[in-house]
Amino acid sequence: MIHGAIRAPIRVPILAKAVVRANGGGRVRAAKLCDVTQTTEPVAPTAAPSRTPRVHRAWFVAVVTFVTIIGAAAFASLPGLLIEPLHSEFDWSRGTIGFAVSVNLALYGLTAPFAAALMDRFGIRKVVAVALSVIALGSVLTVWMTASWQLVLYWGVLVGLGSGSMALAFAATVTNRWFVARRGLVTGILTAAGASGQLVFLPLLSWLVENEGWRPAAVTVALSALAVVPFVWLLLRDHPADVGLAPYGGEFVPKPAPVTGAARRAVTVLLKAARTGPFWLLAGTFAICGASTNGLVKTHFVPAAHDHGMPITAAASLLAVIGVFDVVGTIASGWFTDRFEARRLLAVYYALRGVSLLFLPMLLAPSVHPPMVFFIVFYGLDWVATVPPTIALCREHYGEDSAIVFGWVLASHQVGAAVVAFAGGVARDVFGSYDVVWYASGALCAAAALMALVIRRRSPAVTATA
């Protein structure tokens, strides 16, 4: 029996007109109530509405994503530290070890678009938890390997597949679903998480490799990946509708039905996007981004500085400082992306990067001097500042498919990095110095700046229906 039920005619407020505004907490505001008299059936008293949380759940999801990317960044810090120990212990050639790393990098880029589609099919939580487990498995299996093919399988394939699923497409998917306002800022913060993780783990892993051997370092990577899984499973949610909220700064939308055929969708989205000009411009500019960062500076800066007499430890320290300012620059770029036109930001970033690379051959010297420090700070601020505006342009042109499209654009980034990483070594063997590589990369960045300006703008009405 329902206590307090009402059977007599009563006066109840009927909503004649409602103005619904979903804000950061998903609150609903109603106006223009009118009273009418009607007979009602027995009803139970309604529960009091829940209070709007002071901090929107989207920010907790962003924090969990940030911690997840930091925890997964451990594996990105290790490959360069493994080359010498594995060469000494197993007598494998550096080419063999480098092949395993190249497989890892290739799968990192090629897996990203399929991972974004899998997140649409199975949800973010499941895909990320499985990816972290695969990284942990591949890393820990290397402890017992005895043949080079096992290194390719464990570190190249398993860790490559897992890391590709944890690539920037993960950050793009979380941002697209949970945020409408502050998307650029959140993208910058999550992008910076990878650099932050490498800053956290690189000193620890290098100390372990030097003092305890490479196996404890590999186990540390595995444990770091596994330690994040409970946070992902318990705290991460796939969609704001799962907890009855609107995205931060937007209106409530129901959770879309799972999309079947993840692999087919990734390929379909690629074929559809490939028929548009903005896709090729974004892929081309991002390929140059990878070529002028991971492929060039991250791979060849230390040996180039050593060619000019600088100690390897000093050159490596300068590279670490780039990572510090990368965090600042990426977050700032996200803030700028919320306020300025994304394609113009890209043009400025690539132009400034190109100018700095043209000056680098004149700055390399046996010791660290103020102009070199200025280059490191300036270049660090621009390292991955291109990511937030690139994601914003993908979102502007491709709407709900933007995370998958960005996954393919990210694949072009890795291809560009791989090509220049190889070409830079060949140029050093042929010309005896890296000077031609710096100049060529500066010219490529100038081309990227022009390509960014060519990307056409979409009208707000078209963007809203994309």
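Modeller: Let's start with a term: a salt bridge is a side-chain nitrogen of Lys or Arg within 4 Å of a carboxyl oxygen of Asp or Glu. This is a predicted model, where local features need pLDDT of at least 70, side-chain atom pairs count only at pLDDT 80 or more, and totals for chains, interfaces and linings use all residues. Residues are numbered from 1 along each chain as its sequence is written, and side-chain values use heavy atoms, with hydrogens and water left out.

Biologist: Thanks! How many salt bridges does the structure hold?

Modeller: One of them pairs Glu341 with Arg344, at 3.1 Å from N to O. Counted over the structure, the salt bridges number five.

Biologist: Which residue forms a salt bridge with Asp401?

Modeller: The closest N and O atoms of this pair are 2.7 Å apart. Asp401 sits in the loop between helix 16 (387-398) and helix 17 (402-431), and its partner is in helix 10 (residues 262-273), 136 residues apart; helices here are DSSP runs of H or I with at least four residues, numbered from the N terminus. The partner is Arg265.

Biologist: Are Asp382 and Arg353 buried or exposed?

Modeller: Buried means under 20% relative accessible area, exposed over 50%, and partly exposed in between, using a 1.4 Å probe and protein chains only. Asp382 and Arg353 form a salt bridge, with their closest N and O atoms 3.9 Å apart. Both residues are buried.

Biologist: Why is Arg344 called partly exposed?

Modeller: Partly exposed covers what lies between buried, under 20%, and exposed, over 50%. Arg344 is partly exposed because its relative accessible area is 46%.

How values were computed: Helices (H or I, at least four residues) and strands (E, at least two) are DSSP runs, numbered from the N terminus.
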